[in-house]
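Please open the structure in your viewer and keep a selection tool at hand.

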Amino acid sequence: MKALRVHGPKLIKLDEVDEPQIEPDEVLLRVKYAGICGTDLHVYRGAMKDRVKYPAIPGHEFSGVVVKVGSKVTWVSEGEEVVANPVVPCGRCVACLSGRPNVCVNFKILGVDIPGVFAEYVKVKGDKIYKIPKGLSLRDAALVEPFSVAVHSCRRANIEAGDVVVIIGQGPIGLCTTQVAKHYGAYKVITVEVVRSRLELSKMLGADEVINPLEVDPVKVVKELTNGVGADKVIETSGAPQVLNQALNMLRPAGRLVVVGLCFEEVKFFSYPIVYKEAEIVGSRVYLDEFARTLNLMSKGYLKPEPLITHEMPLSDGEKAFKILDERPGEAVKILLRP
Ligand SMILES: [Zn+2]
Ligand SMILES: [Zn+2]
């Protein structure tokens, strides 16, 4: 089969590789649409050297059709349109046993630790499969993964009806979070982003107010928009090092900050607002059981993947797609590859 493989930092090409062989508890899927995510870009750039073994097939966001079913998998049939949760927890560590497999000590995910979905076929465990509900296309369903990240972060934020929610960063995850936060009952969603085209998209997808921090002070604007009180919840999706300070300062007393964006740099911030405000800071990593919930929301049309899909390309154009995201990040939001 054809597979897009990373051979080293910024070295990616289409290779001919063996089709995966399934075990009795596994299912073989024909990948139909596969989205490129920030994690894939890290793999491409060589930033995950400790986990990734070259040559590696990246990719974990996808939809596909069942082509082969292991003998122990009785709940899935050939020809069904499905998505799959790409996270493979160990099931026996302290996190897994306490019902938090998303922070498993032995965390594995498709496209990083095991072969990913930028290939014609991928195999997954049968219990990771979710059938795509009626009314949801394979193309739109390919975005169930980033939307599930957003659903999980909004649940971690405990968004309540009437909350003012600030979402920092309007990349793919931020734009998904904007839509989900509205649906969770936020009365005002304020988004912060430096790329102008993404701010426009953000408004179109439901943001009530948008802030460009290159033009105005986001803390000041959030205070003005909340009669000096601050936001009930702030969700940080950008991973930019300086925003945690801003996030804490725009939070209302006893507010909650959810950190989703990954930042690999050391961050400096004043800690006293945490004490003065009794601010809560929580992390949010991938998702728990949110796939089914997210598929329901998507199939009803409450969440809109289509405006996020800026490019659709054949798998053979994979190198071009990675170049766009690596060199001209403002140009694309979500690129879908068609294996
Ligand atoms: Zn992803
Ligand atoms: Zn575990």
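This is a predicted model: local features need pLDDT of at least 70, side-chain atom pairs count only at pLDDT 80 or more; totals for chains, interfaces and linings use all residues.

**Helices 7 and 8**

Select helix 7 (residues 218-225) and helix 8 (residues 243-250): their axes come within 9 Å and cross at roughly 20°. Helices (H or I, at least four residues) and strands (E, at least two) are DSSP runs, numbered from the N terminus. Axes are lines fitted to C-alpha atoms, for helices over the stretch in contact, and angles run from 0 to 180 degrees between N-to-C directions. Helix 7 and helix 8 are therefore roughly parallel to each other; angles under 35 degrees count as roughly parallel, over 145 as roughly antiparallel, 65 to 115 as roughly perpendicular and the rest as oblique.

Now show the side chains of the contact: Pro-218, Val-219, Val-222 and Lys-223 on helix 7, and Gln-246, Asn-249 and Met-250 on helix 8. Residues are in contact if their C-beta atoms, placed from the backbone, lie within 7 Å. By class, this contact of helix 7 with helix 8 holds 4 nonpolar, 2 polar and 1 charged residues. Here Ala, Val, Leu, Ile, Met, Phe, Trp, Tyr, Cys and Pro count as nonpolar, Asp, Glu, Lys and Arg as charged, and the others, Gly among them, as polar.

Residues are numbered from 1 along each chain as its sequence is written, while chains are lettered from A and ligands numbered from 1 in the order in which they are written.

Strands pair if DSSP finds at least two bridges between them.

Zoom in on strand 11 (residues 188-192), which is joined to strand 12 by 3 bridges in the parallel sense. Ile-190 has Glu-209 of strand 12 as its bridge partner.

**Helices 4 and 5**

Move to helix 4 (residues 144-156) and helix 5 (residues 172-183), which pack at about 55° with their axes 8 Å apart. Helix 4 and helix 5 are therefore oblique to each other, and their crossing is right-handed.

Which residues of helix 4 meet helix 5? Colour Pro-146, Phe-147, Val-149, Ala-150, Val-151, Ser-153 and Cys-154 in helix 4; they meet Pro-172, Ile-173, Cys-176, Thr-177, Val-180 and Ala-181 in helix 5. This contact of helix 4 with helix 5 divides into 11 nonpolar, 2 polar and no charged residues.

**The two domains**

Zoom out and colour by domain: domain 1 covers 2-143 + 305-338, and domain 2 covers 147-283. These bounds come from an automatic or database domain assignment. The C-alpha centres of domain 1 and domain 2 lie 28 Å apart. To their contact, domain 1 gives 6 residues and domain 2 gives 8 residues. On the side of domain 1 that touches domain 2, the residues comprise 4 nonpolar, 1 polar and 1 charged.

**Helices 1 and 11**

Select helix 1 (residues 38-45) together with helix 11 (residues 318-327): the axes are 11 Å apart and the packing angle is about 95°. That makes helix 1 roughly perpendicular to helix 11. Leu-41, Tyr-44 and Arg-45 of helix 1 meet Phe-322, Leu-325 and Asp-326 of helix 11, a contact with 4 nonpolar, no polar and 2 charged residues.

Select strand 5 (residues 81-84), which pairs with strand 4 in the antiparallel sense over 2 bridges. Centre the view on Val-82 of strand 5: this residue is the bridge partner of Gly-64, and its own bridge partner in strand 9 is Lys-131. Strand 5 and strand 9 (residues 129-131) run antiparallel and are joined by 3 bridges.

Two loops complete the tour. In the loop between helix 1 and strand 4 (61-69), find Pro-55; the peptide bond from Tyr-54 to Pro-55 is cis, with omega near -10°. In the loop between strand 1 (2-8) and strand 2 (11-16), find Lys-10, which has a positive phi of about 60° although it is not a glycine.

Key
Two residues are in contact if their C-beta atoms, placed from the backbone, lie within 7 Å. A crossing is left-handed if the near helix is turned anticlockwise from the far one by less than a right angle, and right-handed if clockwise.
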